[in-house]
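Subject: Structure handover

Hello,

Here is the structure for your files. My notes on it follow below.

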Number of protein chains: 2
Amino acid sequence: MSLITPLRDERTLVLQLRDAISALIEEQGLKPGDQLPTEAELTRKFQISRPALREALKLLEQDGAIYVKHGKGRFVSAAAALQVERPITCFESVTDMMHKSGYRPINKVLSISEEVASGEAQEALRLSPGSRVIRLERLRMQGEEVLVYCLDYIPRSIISDRLYDIDWSGSLLDLLERHDMRPRMSTAIAASVMLPHDVSERNDLHDFGPAFLITETAFTPTGVPVVFAKDYHRGSRFSFSFVRK
Amino acid sequence: MSLITPLRDERTLVLQLRDAISALIEEQGLKPGDQLPTEAELTRKFQISRPALREALKLLEQDGAIYVKHGKGRFVSAAAALQVERPITCFESVTDMMHKSGYRPINKVLSISEEVASGEAQEALRLSPGSRVIRLERLRMQGEEVLVYCLDYIPRSIISDRLYDIDWSGSLLDLLERHDMRPRMSTAIAASVMLPHDVSERNDLHDFGPAFLITETAFTPTGVPVVFAKDYHRGSRFSFSFVRK
């Protein structure tokens with residue numbers, strides 16, 4: 001067992017301690033389910049007070065790195081090892097998501113228009129009644145195959161240019177960035193649906209099958225909602241991973 | 001502006017400081033997008049060193065409570081305010097999920113059997129070739145309507161009882177708890193699919209429509225996989241929320 005120097009830099013004791021306990025777990029080769037040394041052993045080892053130790057252990061518990069069995073002690077958790085690639089909880093553009101899924105799609109703009117925000121978009125974008133939005137309707141195509149049907153609503157007030165002066169086939173997030181309004185996070189709802197009948201009719205998408213619909217409101221870091229989106233992903237082409245705990 | 005007592009309890013300075021800055025944000029009524037006081041102001045106010053302050057600010061940044069604009073300073077973020085009810089990232093049983101969605105379903109056991117683990121279940125449950133699993137097939141019904149079709153695989157080795165001595169219509173998690181094997185977390189994949197043809201045929205579920213399929217491996221806190229599940233939720237009845245950031 002390696003020698004650990006007593007901790008002396010009191011400025012950041014709890015955080016140092018948290019990291020030192022993590023390092024100890026690794027050095028001692030403790031595996032998920034193994035018990036941590038006792039509080040007495042840890043205070044002795046690190047030459048610190050029990051309240052400081054308990055705060056550090058609490059941080060580790062909050063991080064999911066250890067867990068408590070009441071009356072039995074603290075144990076190494078497996079939660080840290082539970083990881084998935086590209087979790088659905090990472091905010092990213094549809095374009096980035098598709099690239100990471102191995103697709104190199106082309107965007108096809110179906111329509112771009114300006115209208116009074118409907119109930120759903122008005123509420124999501126926190127607009128006052130009668131506010132105008134830009135409605136953008138696009139297909140993401142891989143060759144001849146439609147992978148995603150995307151409907152986006154953007155408050156008209158944040159885009160100063162005339163609609164037809166803008167290239168809507170590029171990244172919407174990049175466009176918003178140029179207006180200093182790039183979204184960085186969102187709230188989202190996933191559901192399993194069929195494509196709306198009119199969308200399917202107009203675009204000859206009768207073979208689309210079940211769609212993985214993500215209805216999403218994207219916010220700037222300051223909490224301004226800037227995009228309300230409905231993205232219908234072809235069910236046979238996409239799946240989305242996440243960790244639950 | 002309220003008077004804040006200089007921080008003196010050095011044991012936990014950074015954590016105290018983090019909480020004190022959070023409290024300051026609230027007391028001063030700072031809103032998302034508002035700038036934080038400067039480092040100089042904060043060190044003066046709290047009578048602490050700049051390195052300690054920076055660690056506390058880093059914790060707040062990691063928590064998503066503040067964000068940095070390079071060259072401009074630190075700002076209050078809206079991420080803390082982004083919350084959804086019942087996020088998909090919370091581990092819970094199908095029964096609990098349905099209760100919170102307002103359903104009071106009845107479980108109907110379609111079949112219970114023991115078999116050699118197939119490729120998918122064997123891999124998810126990390127079983128050696130030839131290992132046996134219990135296969136449980138259930139419907140979650142609200143009145144006459146099937147809400148979820150559930151397929152669960154449990155390693156045979158962790159259930160000591162004879163299959164027919166167990167009431168499989170109850171909670172699977174409670175059953176595993178009685179074997180000291182209650183799962184607390186999972187990795188999951190969501191997709192949009194149609195019900196498998198044979199399931200639809202056998203159970204007269206031709207009207208089920210698009211299903212929200214969650215394929216999930218559930219683990220004990222020590223990282224032992226104890227359930228591999230495929231839950232097909234009737235798409236018209238369920239949706240799942242999450243925050244992306």
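Which side chains meet in a salt bridge at 3.0 Å, N to O? They are those of Arg244(A) and Glu216(B), a salt bridge being a side-chain nitrogen of Lys or Arg within 4 Å of a carboxyl oxygen of Asp or Glu.

Before the rest, the conventions. This is a predicted model, in which local features need pLDDT of at least 70 and side-chain atom pairs count only at pLDDT 80 or more, while totals for chains, interfaces and linings use all residues. Residues are numbered from 1 along each chain as its sequence is written, chains are lettered from A and ligands numbered from 1 in the order in which they are written, and side-chain values use heavy atoms, with hydrogens and water left out.

Interface. Between chain A and chain B there are 2 salt bridges. Each of the two chains puts 53 residues into the contact (heavy atoms within 4.5 Å). About 4,500 Å² is buried between chain A and chain B, 62% of it on carbon and sulfur atoms; buried area is the accessible area (1.4 Å probe) that two parts lose on being put together, summed over both.

Salt bridges overall. Glu39(A) and Arg50(A) form a salt bridge, with the closest N and O atoms 3.4 Å apart. Glu39(A) is in helix α2 (residues 39-46) of chain A and Arg50(A) in helix α3 (residues 50-62) of chain A, so the pair ties together parts 11 residues apart in sequence. Helices here are DSSP runs (H or I, at least four residues), numbered from the N terminus.

Helix packing. In chain B, the axes of α1 (residues 13-27) and α3 (residues 50-62) come within 8 Å and cross at roughly 60 degrees. Axes are lines fitted to C-alpha atoms over the stretch in contact, with angles from 0 to 180 degrees between N-to-C directions.

Domains. Chain A is divided into domain 1 (10-81) and domain 2 (94-234), with bounds from an automatic or database domain assignment. Their C-alpha centres lie 46 Å apart.

Regards

How values were computed:
Helices (H or I, at least four residues) and strands (E, at least two) are DSSP runs, numbered from the N terminus.
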